[in-house]
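Here are my notes for someone opening this entry for the first time. Have a look at it, then go through the points below.

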Amino acid sequence: GSQHHVYSDAFNESKVNVTQDSRHQPEYYGYDRPCPNAEDIAPCVCTYVSEDNAMHLDCSAVESEDQLKQIFKADFPFKNFTTFLIEDNKNINVLEAGVFNGISFERIDIKYSNLEVIELQDLNSCYETAWKIDVHDNMITSFPFDELSHFPKLRYFDISLNSFSMFPADAFNGLTALETLYLRSNDANIVGTFKDLPNLRYIDLGFNDLSLTNNTIPTNYINTGSSDLEYIDLYNNNIVSVEPGAFDIVEGLVISMFDNALSTLEEATWRPYLEAQGYLYASYNPLVCGCDIAWLFGEDQLLGQVYDDATCTNGEPFIYLD
């Protein structure tokens, strides 16, 4: 049937639907209004979706950090929420330690706002519940990366479009549930290597300043051990070369080296990925089209694994080369 939304500010008499044998009773069964009283948490809005047994807390209209802390001191009949949302808010600069006051969330979405600092121990009530942390498009310069190891269920992490100067790659290592990692557009130095991420599917490091030795990606730079890895994005990082074995070799893996400083595509580096039916984006690089790329034109026709928009320094497309 259609979804029934029960809002905290509507004294709704509808009950939560359950199966006749009561095998799937939701946590909130028997409660008409599992959300806190609307006046106690305003301007935050709590929404309860009965079919999903899910509570969502939207605090996009909160006016100050003190107000947000006061809201979480209200009487919350239930402590486990599905979503916490702040969107397009210019009033919250710091998410202070302990602000959630023991309330847990599965998804934390704070985006298109002016958040600058997420303090240590701020998210500790969500260690065992959060599978998604999305704080993209803020002004964040400080995040408790050392605490990421406390999130065993974390599958999705997006901290792109912020103002970091450095990311510690090692902070993500060992997050065995992580599938999607966005660090894009921070102009940040990424220190360390990515490893022990057995379920990673997508990693986006585009528009950063990797500060690599000789602008060269070293062997085992992204060595996740994931057989499900689908996409590595290194767009616009001033990368001059890539050493053999820099990335996992996975069937069908797409690697984007778009808009870097590659002058050639070394056979020792790229042949293993293309032979594994992987694909390479190499456009907007100053590629010199000489005999060193002749291996792409062999009988195995690996050139077909390089996307058609790759060009030589003179603008001639790869696909037109003899």
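How many disulfides does a search of the whole structure find? The search finds 3, a disulfide being a pair of cysteine sulfur atoms within 2.5 Å.

1. Ground rules. This is a predicted model, where local features need pLDDT of at least 70 and side-chain atom pairs count only at pLDDT 80 or more, while totals for chains, interfaces and linings use all residues. Residues are numbered from 1 along each chain as its sequence is written, and side-chain values use heavy atoms, leaving out hydrogens and water.

2. The chain overall. You'll find 3 helices and 20 strands here (DSSP runs: helices are H or I with at least four residues, strands are E with at least two, numbered from the N terminus). Of the 322 residues, 47% count as buried (under 20% relative accessible area; exposed is over 50%, partly exposed in between, with a 1.4 Å probe and protein chains only).

3. Cys 35 and Cys 46. These two are joined with an S to S distance of 1.9 Å. Cys 35 sits in the loop between β1 and α1 and Cys 46 in strand β2, so the link ties together parts 11 residues apart in sequence. The torsion about the S-S bond is about -65°, so this disulfide is left-handed.

4. Cys 44 and Cys 59. Here the S to S distance is 2.1 Å, and the link is right-handed, with 115° about the S-S bond. Cys 44 is buried at 4% relative accessible area, and Cys 59 is buried at 0%.

5. Cys 289 and Cys 312. This disulfide has an S to S distance of 1.8 Å. Both cysteines are in the segment after β20, 23 residues apart. Cys 289 is partly exposed at 29%, whereas Cys 312 is buried at 6%.

6. The core. The largest nonpolar core has 91 residues (buried Ala, Val, Leu, Ile, Met, Phe, Trp, Tyr and Cys residues joined through side-chain atoms within 4.5 Å). Phe 84, Phe 157, Phe 194 and Phe 247 have the most contacts inside it. Beyond its neighbours within four places in sequence, Phe 194 is in contact (heavy atoms within 4.5 Å) with residues including Phe 172, Leu 205 and Tyr 221.

7. Strand β6. Of its 8 residues, 6 are buried. β6 pairs with β4 in the parallel sense over 7 bridges (pairing needs at least two DSSP bridges), and Ile 86 stands opposite Ile 110 in β6. β6 also runs parallel to β8, joined by 3 bridges.
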